[in-house]
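Subject: Structure handover

Hi,

Here is the structure I promised to pass on. Please open it and keep it beside you while you read the notes below.

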Amino acid sequence: MYQPSDEELKSIEDWFVQYDALADQGEIEKLADLAVFPMNLATDVPGAFAAVRQWTREEYIEAMKEAMSGGTAGLELESTRTPHFISQNLVLVKTTATMTIEGRRESMHYADLLVRTEDGWAFQTMVQGGWGHGWPPAKRG
């Protein structure tokens, strides 16, 4: 089992500091620069089954503009991230986040697969429940 160094753990922490700052500012294009496309998504259709798809850069930007509007600043977002190194180049990061929207606190769990590229870490797969409204359910085979 791969055991990351303190420096490798810090590199993941630093990556998320950069990501969070860009998200706060609503810098969707710059967020897309931190990803590898096509991006894999796994979610579910509430009340039904899992749903999966791949996004191009353009689809990601469109979806994030809709989801993040002007950025995440002001949402009182608290995140606890736990990286699980699969190898020195693959890290599954589990996140528990709580945000306050209009005085109402909402908590969620999600995961991202980060991959090491020549340019540094990039996210490649997003896993979060509840995004699949209108998506076809996943099919085996």
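Accessible areas here come from the Shrake-Rupley method with a 1.4 Å probe. By that method, the accessible surface of the protein is about 8,800 Å². Carbon and sulfur atoms own 51% of that surface. Keep in mind that this is a predicted model.

**Overall layout**

The protein has 3 helices and 6 strands. Along the sequence they run in the pattern α-α-β-β-α-β-β-β-β. The radius of gyration is 15 Å, close to the 14 Å that the globule rule gives for 141 residues, so the protein is as compact as a globular protein of that length. Its C-alpha atoms fill a box of roughly 45 × 40 × 25 Å along the principal axes.

How many of the residues are buried? Of the 141 residues, 33% count as buried. Now take the contacts between residues at least 6 apart in sequence. Of these, 53% join residues at least 24 apart.

Charges come next. There are 12 positive and 22 negative side chains. The centres of the two sets lie 6 Å apart.

**Helix α3**

Helix α3 covers residues 57-68, which is 12 residues. The expected span is 1.5 Å times one less than the number of residues. For α3 that gives 16 Å, and the end C-alpha atoms are 16 Å apart, so the two agree.

Which residues of α3 are buried? They are Y60, I61, A63, M64 and M68. These buried residues pack against two helices, α1 (6-25) and α2 (28-32). They also pack against the strands β1 (35-44), β2 (50-55) and β6 (120-128).

**A32, a buried residue**

A32 lies in helix α2. Is A32 buried or exposed? Its relative accessibility is 1%. The cut-off for buried is under 20%, so A32 counts as buried.

What does A32 touch, leaving out residues up to four places away in sequence? The list is F37, R57, Y60 and I61. Two of these names, Y60 and I61, are also among the buried residues of α3. M64 is another buried residue of α3. A32 and M64 are 32 residues apart in sequence, and their C-alpha atoms are 9.4 Å apart in space.

A cis peptide bond joins F37 and P38. Its omega is about 0 degrees. P38 is found in strand β1.

**I86, an exposed residue**

I86 is found in strand β3, residues 78-87. I86 has a relative accessible area of 55%. Exposed means over 50%, so I86 is exposed. I86 still has contacts: Y2, L92 and L113, not counting residues up to four places away in sequence. I86 and K10 are 76 residues apart in sequence. Their C-alpha atoms are 16 Å apart in space.

**E27, in between**

Where is E27? E27 lies in the loop between α1 and α2. With a relative accessible area of 29%, E27 is partly exposed. E27 and A97 are 70 residues apart along the chain. Their C-alpha atoms are separated by 20 Å.

Best wishes

Definitions and conventions. Residues numbered from 1 in each chain as written. Predicted model: local features only at pLDDT ≥ 70, side-chain atom pairs only at ≥ 80, totals over all residues. Heavy atoms only, no water. Helix = DSSP H or I, 4+ residues; strand = E, 2+ residues; numbered from the N terminus. Buried < 20%, exposed > 50% of the residue type's maximum accessible area, 1.4 Å probe, protein only. Contact = heavy atoms within 4.5 Å. Rg over C-alpha atoms; globule rule 2.2 N^0.38 Å. Lys, Arg positive; Asp, Glu negative; His and termini not counted. Charge placed at Lys NZ, Arg CZ, Asp CG, Glu CD.
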